[in-house]
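Trainee: I have a structure to read and want to learn how. Where do we start?

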Amino acid sequence: MDEILKMLDEKLEYISHEIVLDTIYINAVSNLVGVECPKCKKVSFRVHAYYEKTFQDLPIQGKKVKIILRNRKMLCMSKDCETKTFAETFDFIKPKAKKTNRLEEEIINISINTSSIAASKVLKKNIADVSKSTNCKILKKI
């Protein structure tokens, strides 16, 4: 499982996993020591808090995948920076997103060639928990 997480991002470290019905739940954590502030670009080593970020990824062996990431909220150490706290971010997922970028691309590939109802049925059965309205929202973005 660690190798699968490393395909998303080298900074992720595998903790554990659990298979429940048709879904694999993978627990992960970032192995970065310091995190760069998005405003002032100064690296911070001070953790303010931890929280769980749950999102969906592409299926593995016909099972849906949900990743539970123990994410950190950091304190910016620069006195001149207006940002006091900020969350750790990753390139493979947009902030506040519930699906990885590569899963969104797969949703677009399926949805662009079929109706949103048909795409939703295919996606729910084989790939990820996605509603018809989510398909439409993702397609509107492009």
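Mentor: Start with burial. Buried means under 20% relative accessible area, exposed means over 50%, and partly exposed is in between. Keep in mind that this is a predicted model.

Trainee: Then is E88 buried or exposed?

Mentor: E88 has 3% relative accessibility, so it counts as buried. It is found in the loop between strand 7 (85–87) and helix 2.

Trainee: What does the side chain of E88 make a polar contact with?

Mentor: A polar contact is a pair of N or O atoms within 3.5 Å. The side chain of E88 makes one with the side chain of R72, at 2.8 Å. Another polar contact, of 2.6 Å, joins the side chains of E88 and S30.

Trainee: Which residues does E88 touch, not counting those up to four places away in sequence?

Mentor: Contact means heavy atoms within 4.5 Å. On that basis E88 touches S30, L32, V35, N71 and R72.

Trainee: Where does S30 lie, and is it buried or exposed?

Mentor: S30 lies in strand 2 (residues 23–30). Its relative accessibility is 10%, so it counts as buried. The side chain of S30 also reaches the backbone nitrogen of L32, at 3.2 Å. Leave aside neighbours within four places in sequence, and S30 is in contact with K11, L69, R70, R72, E88 and F90.

Trainee: Now helices. Which residues of helix 3 are buried?

Mentor: In helix 3 (residues 116–126), the buried residues are A119, S120 and L123. They cover an arc of only 100 degrees around the axis, so they sit on the same side of helix 3. K121 and K125 are exposed, on the other side of helix 3.

Trainee: What do the buried residues of helix 3 pack against?

Mentor: They pack against helix 2 and helix 4.

Trainee: At what angle do the axes of helix 2 and helix 4 cross?

Mentor: Angles of 65 to 115 degrees count as roughly perpendicular. The axes of helix 2 (residues 101–111) and helix 4 (residues 132–141) cross at roughly 95 degrees and come within 10 Å. Helix 2 and helix 4 are therefore roughly perpendicular to each other.

Trainee: Which residues make the contact?

Mentor: Helix 2 supplies E104, I107, I108 and S111. Helix 4 supplies N135, I138, L139 and K141. By class, the contact has 4 nonpolar, 2 polar and 2 charged residues.

Trainee: S133 is in helix 4. How far is S133 from I15 in sequence and in space?

Mentor: They are 118 residues apart in sequence, and 33 Å apart in space, C-alpha to C-alpha.

Technical notes. Residues numbered from 1 in each chain as written. Predicted model: local features only at pLDDT ≥ 70, side-chain atom pairs only at ≥ 80, totals over all residues. Heavy atoms only, no water. Axes fitted to C-alpha atoms, helices over the stretch in contact; angles between N-to-C directions. Helix = DSSP H or I, 4+ residues; strand = E, 2+ residues; numbered from the N terminus. Parallel < 35°, antiparallel > 145°, perpendicular 65-115°, else oblique. Nonpolar A, V, L, I, M, F, W, Y, C, P; charged D, E, K, R; others polar. Buried < 20%, exposed > 50% of the residue type's maximum accessible area, 1.4 Å probe, protein only. Polar contact = N/O pair within 3.5 Å; in protein donor to acceptor, adjacent residues only side chain to side chain. Arc of directions from axis to C-beta.
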